[in-house]
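Morning, everyone. Please look at the model on the screen while I talk.

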Amino acid sequence: MCDQTFLAITFGPCDNCSETKPLMNIYVKNEPINYCSLCVERMACQGLGPNETLATLKTESETLKTKLEEERAKLHDAELHQVAEKVEALGQFIIKTRRTLKGHGNKVLCMDWCKDKRRIVSSSQVRPFRWRRHEHAVTMPCTWVMACAYAPSGCAVACGGLDNKCSVYPLSLDKNENLAAKKKSVAMHTNYLSACSFTNSDMQILTSSGDGTCALWDVESGQLLQSFHGHSADVLCLDLAPSETGNTFVSGGCDKKANVWDMRSGQCIQSFESHESDINSVRYYPSGDAFASGSDDATCRLFDLRADREVSVYSKDSIIFGVSSVDFSLSGRLLFGGYNDYTINVWDVLKGTRVSILFGHENRVSTLRVSPDGTAFCSGSWDHTLRIWA
Amino acid sequence: MSTTNSIAQARKVVEQLRVEAGIERIKVSKAAAELMSYCEQHARSDPLLVGVPTSENPFKDKKPCIIL
């Protein structure tokens, strides 16, 4: 799913010359600036070095790209599956649907586990968002939800979608409490919200959007703490690095790129461009040294952060439908992928082979998450159900 | 107008590439070995990999046994 990104143009007084004109909303060093087009032109030309022209900059960028490729190639001395040849092959795999959760009246678009490992939150298209607790569903008062996330404390849930916002709902045990009244709007983007995630606490939320940016927000004040620019199209997914002190996250977008970001500086520190289509899902390897991605090009790929390159591709000629969602088992040995052909493929991460194919859903698998304790995983589908597999 | 946008963008691209070209990298064989060792270290505690006894797994139903 990929809509056009658009550049917001406003009309008002220019920050520089104070004339009221159509303004360009641009970012300089992560600060938003509203200059009229004439002032933007002057500013850009002032910054140019003595011999810098568009042509020289383009040549330099080509040279740098080539250099980057060469540096990466030099270290490509082996393939992951070759190194993993001596690893014991996995035995027979028995995974079945243990629970089917029905009740959503529409396509399930996303879900998340609570840290207590027994509750999950899920959302669907059109119908209000539901919160499942011990299999009792509680309806949340928002619609068109494309992303949802549980707060680490389990006391709140964040969700958002076509309303371009991310809102936080505190959860209570009182079924009669009016949840709509307690809603807090935290994030504001200029296009749909594709993914959201709490950081290590209930206090900050990271969001990604169809407007091509990711952003970090303070939940209490709704203030934008940091914004992340670099994708050239809709950002579809994000995942936070697992370590407690980790300050990075990875995002994937319609520009086929997966970017790794430093949360404090807003800087993109690494970028990977080997997928051939939109990246729908990214997930860190449990050690934090690598991440997997799933794409519309029907492949899942593993990227190692320290080798700075793709190290494995999980694909088969018979698999031609896009991957919507990926997640690792606790040890990182298994990679689960939910596909648009209604199946879930289980891959041996090290050997690169498929271990199992799981049938059951009657429409696209749209979301898939392994539980925090690794005993099961949950898949959500356009067939209106959620399935728990173990 | 498109020229200034292009220059600003080209500048950003060059700066970004400089940052990326400058990072420290390790060999794939070493990175792969570390991924493998992490898997091996944690394999035993991965319920989906090794399977847990039905009695301990809250999701697996306890089926009665039938003697045929």
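Let me start with a definition. A residue is buried under 20% relative accessible area, exposed over 50%, and partly exposed in between, with a 1.4 Å probe and protein chains only. Take A:Arg306, which is partly exposed, with a relative accessible area of 23%. We will come back to that residue.

Now the ground rules, quickly. This is a predicted model, where local features need pLDDT of at least 70, side-chain atom pairs count only at pLDDT 80 or more, and totals for chains, interfaces and linings use all residues. Residues are numbered from 1 along each chain as its sequence is written, chains are lettered from A and ligands numbered from 1 in the order in which they are written, and side-chain values use heavy atoms, with hydrogens and water left out.

Chain A first. Chain A holds 3 helices and 31 strands. Helices (H or I, at least four residues) and strands (E, at least two) are DSSP runs, numbered from the N terminus. Chain A has 390 residues, and 54% of them are buried. Its accessible surface is about 16900 Å², and carbon and sulfur atoms own 50% of that. Those areas come from the Shrake-Rupley method with a 1.4 Å probe; for residues, only the protein chains shown count as cover. What about contacts, meaning heavy atoms within 4.5 Å? Take the contacts in chain A between residues at least 6 apart in sequence: 44% of them join residues at least 24 apart.

One stretch has a label from a record. UniProt, in an unreviewed entry, puts a "coiled-coil region" at residues 54–81 of chain A. UniProt positions are in the numbering used here, feature names are shortened, and annotations may be inferred rather than shown by experiment. In the model, that span is 82% helix and 0% strand. Its end C-alpha atoms lie 43 Å apart.

Next, charged pairs. Side chains of opposite charge can pair when their charged atoms come close. Our rule for a salt bridge is a side-chain nitrogen of Lys or Arg within 4 Å of a carboxyl oxygen of Asp or Glu. How many does that give over all chains? The count is 15 salt bridges.

Here is one. A:Asp112 pairs with A:Arg369, with the closest N and O atoms 3.1 Å apart. A:Asp112 sits in strand E5 (residues 108–113) and A:Arg369 in strand E29 (residues 365–370) of chain A, so the pair ties together parts that are 257 residues apart in sequence. Are the two partners buried or exposed? A:Asp112 is buried, at 8% relative accessible area. A:Arg369 is partly exposed, at 24%.

Back to A:Arg306. Its side chain meets that of A:Asp289 in a salt bridge, 3.8 Å from N to O. A:Arg306 is in the loop between strands E23 (300–304) and E24 (309–314) of chain A, while A:Asp289 is in the loop between strands E21 (279–284) and E22 (290–295), 17 residues apart. A:Asp289 is also partly exposed, at 24% relative accessibility.

A:Arg333 lies in the loop between strands E25 (323–328) and E26 (334–339) of chain A, and A:Asp348 lies in strand E27 (residues 344–348), 15 residues apart. Both of these residues are buried.

For contrast, look at A:Ser232. A:Ser232 is in the loop between strands E16 (224–229) and E17 (235–240) of chain A. This serine counts as exposed because its relative accessible area is 57%.

On to chain B. Chain B has 3 helices and 0 strands. Along the sequence, the pattern reads α-α-α. Of its 68 residues, 32% count as buried. Chain B exposes about 4400 Å², with 55% from carbon and sulfur atoms.

So where do the chains meet? In all, 44 residues of chain B contact 68 residues of chain A. Together the chains bury about 4900 Å², 70% of it on carbon and sulfur atoms. Buried area here is the accessible area (1.4 Å probe) that two parts lose on being put together, summed over both.

Between the chains there are 3 salt bridges. One of them joins A:Asp308 and B:Arg25, at 2.7 Å from N to O. Helix H1 (2–21), helix H2 (28–42) and helix H3 (47–50) of chain B each supply at least two residues of the side that touches chain A. H1 of chain B gives the most, with 14 residues.

One last item. A:Glu69, A:Arg72, A:Asp308 and B:Arg25 are linked in a network of salt bridges.

Technical notes: Contact means heavy atoms within 4.5 Å.
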